[in-house]
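Work through the exercises below with the structure in view. Try each task before reading its solution.

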Amino acid sequence: MFNKDRWKEILEVLTSNVWRTIFTAFGVCWGIFILIVLLAAGKGLENGIKKDFGDIATNTMFMWTRSTTRAYEGLPKGRSFEFRTSDVQAIQDNVPNLRFISPRNQLSGFRSGGNNVVRGIRTGSYNIYGDYPEIINQDPMTVTSGRFINYNDINEKRKVAVIGRGIKSDLYEKGEDVLGTYIKIQGVNFMVIGTYKKNSNDGDGEEAQKEIFVPFTSFSQAFNRGEEVGWMAITAHDGHSISVLKEDIVGEMKKRHKVHPEDNRAIGYFDLYEQYNRVESLFGALKAVAYIVGIMVLLSGIIGVSNIMLIVVKERTKEIGIRRALGESPWSIKLQILMESIFLTIISGMTGIILGSLVIYGINSLLDSVGPVDMFLNPSVSVGVVSGALMILMISGLLAGFIPANSAIRVRPIEALRTE
Amino acid sequence: MIEIKDLHKSYKMGSNSLHVLKGINFSAKAGELVAIMGSSGSGKSTLLNILGMLDEADSGEYTLDGVPIRDLSETKAAQYRNKFLGFVFQSFNLINYKSAMENVALPLYYQRVARKERQEKALNYLERVGLKEWAEHLPNELSGGQKQRVAIARAMAAEPKVLLADEPTGALDSKTSYEVMDLIQKINDEGNTILVVTHEEDIAHMCKRIVHLRDGVIVEDKKVEQVRASEYVQ
């Protein structure tokens, strides 16, 4: 089946009319090229958008309190309430499959006007967060020097702070040692124990690098929050969707704070997972469009191949007649035509894949040289896509050769020999 | 070797039916060299096509070397053609992008003979038709007579039981015709059964037996004194 003679013959047939073969091949080549480039462009857009999510654990929700909108159990509507630290334990006890539950408190400062942080003669206004150590897993950051908050800080209510590299450049001289120095936050001194850097590159990039993290307990004490919890960041275990679990969590909170079970506006939340899924499905749709357009273009190439194979069969009618008179079986002839078609399709498809890859490579090196572009990053196609494309080519070659191969064996040898 | 009983064949031409063979009875023993003669339309080519399993008879019996030939699938017919028959055509019908040797080796390829053995045999047959030096040449680099000799070598390569030649000299001048007939006679001398369709008297008389066809029936079947073609070949 895969012997030297057959391959020799395939090459002989395809090279006997080189330009015709090349023009035919171009159709398939172009189709697969479009497919690859479209998929890569979609991937580039996807990478760019997903970069904006940074490394944030996407299976996460944020939850805060608002005022009630329905009267319940003798309490009036319009009542405001606060989460308490005991709520954290309650969620932990009553809702399974949660990985992290981080209560948070915040002092707003960034761009709010009044400076809230002082160091020597330098001042600035920054967001200050009271946090538990787990927050670093939910809102990932890289600790560039020193360390992050730990449980000793929490338990002993140490007045320590981890600051962003943006703050470092605001409040410190270049090259100045940061660790062990003190900054004054709303009149309370905190010792700097670490610096961090965040990876997200969205519009809040600057703000994200100018935050101060202090232990939750010391924050509460220093800024008179008592048992209050401003909001919570809750992450579910992998394999459990936070979108599903959030019903239980919110329900539990309603129960504890005497909120009417149908009062949906009393507790605000933001479901990151849902947002992320929306983006995911957008890119799914984009990918589907790329496949449809690519395959449609490819289809016209395939029809071209099929057409040419029909012409080739017509031209070789007599030869096929001779070969059958000499005793070649119809199957062997059919196989020959099919293999020619598949070979032509795959070779031209491979050329398309290579050209597409070169273009992607070119775009990548262009992106590298001009620096990052908004919402577009590292366009690429995976090995899976390439082997999928080859699979498509194999099948389409088979389809393209099918009609010509059948018409080749339909010709009876005696009729084929009669054409002079 | 060949046994034909009451063979009928008609072609449908639109609403008309053309009765081409009207009951042919014919037999040929092993080693015979038979000329089938007749004017055009006499049915001689149709007869040869049926003998060559390229066409099927409407009714009648055909036995080739004891094997009944009827209701063959295309695959089976291809197998039988390959094993039992060698074809020589008027227009040579060589495959023009294959060298002389590859053309000769073709029937062996369909028998799945190994490549090396195939080439050896093909060269051997080319040598027998005197074209060993032309083995690597393409058909369009050969003269008409040479092409027909390659075609004969190809027909012989599979060592068939019967060689069928359809106007083998039809496209050749008389000198080359005699050379080709000389070759056919030599092959016959080695004991091969050969059927030659021709309308040329001189070619027919180089066979050992002449069968005349007219309007789909055999009108004459006679043994003749064979004229050796070598007398005309210098």
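**Exercise 1.** Find how many residues of chain A are in contact with chain B, and how much area the two chains bury.

*Solution.* Step 1: taking contact as heavy atoms within 4.5 Å, 26 residues of chain A touch 25 residues of chain B. Step 2: buried area is the accessible area (1.4 Å probe) that two parts lose on being put together, summed over both. For chain A and chain B this comes to about 2300 Å², with 53% of it on carbon and sulfur atoms. Step 3: A:Asp5, A:Leu326 and A:Ile414 supply 25% of the area that chain A buries against chain B, more than any other three residues.

The model is predicted: local features need pLDDT of at least 70, side-chain atom pairs count only at pLDDT 80 or more, and totals for chains, interfaces and linings use all residues. Residues are numbered from 1 along each chain as its sequence is written, chains are lettered from A and ligands numbered from 1 in the order in which they are written, and side-chain values use heavy atoms, without hydrogens and water.

**Exercise 2.** Count the salt bridges between chain A and chain B.

*Solution.* Step 1: look for a side-chain nitrogen of Lys or Arg within 4 Å of a carboxyl oxygen of Asp or Glu. Step 2: the count is three salt bridges. Step 3: one of them joins A:Lys8 to B:Glu102, where the closest N and O atoms are 2.1 Å apart.
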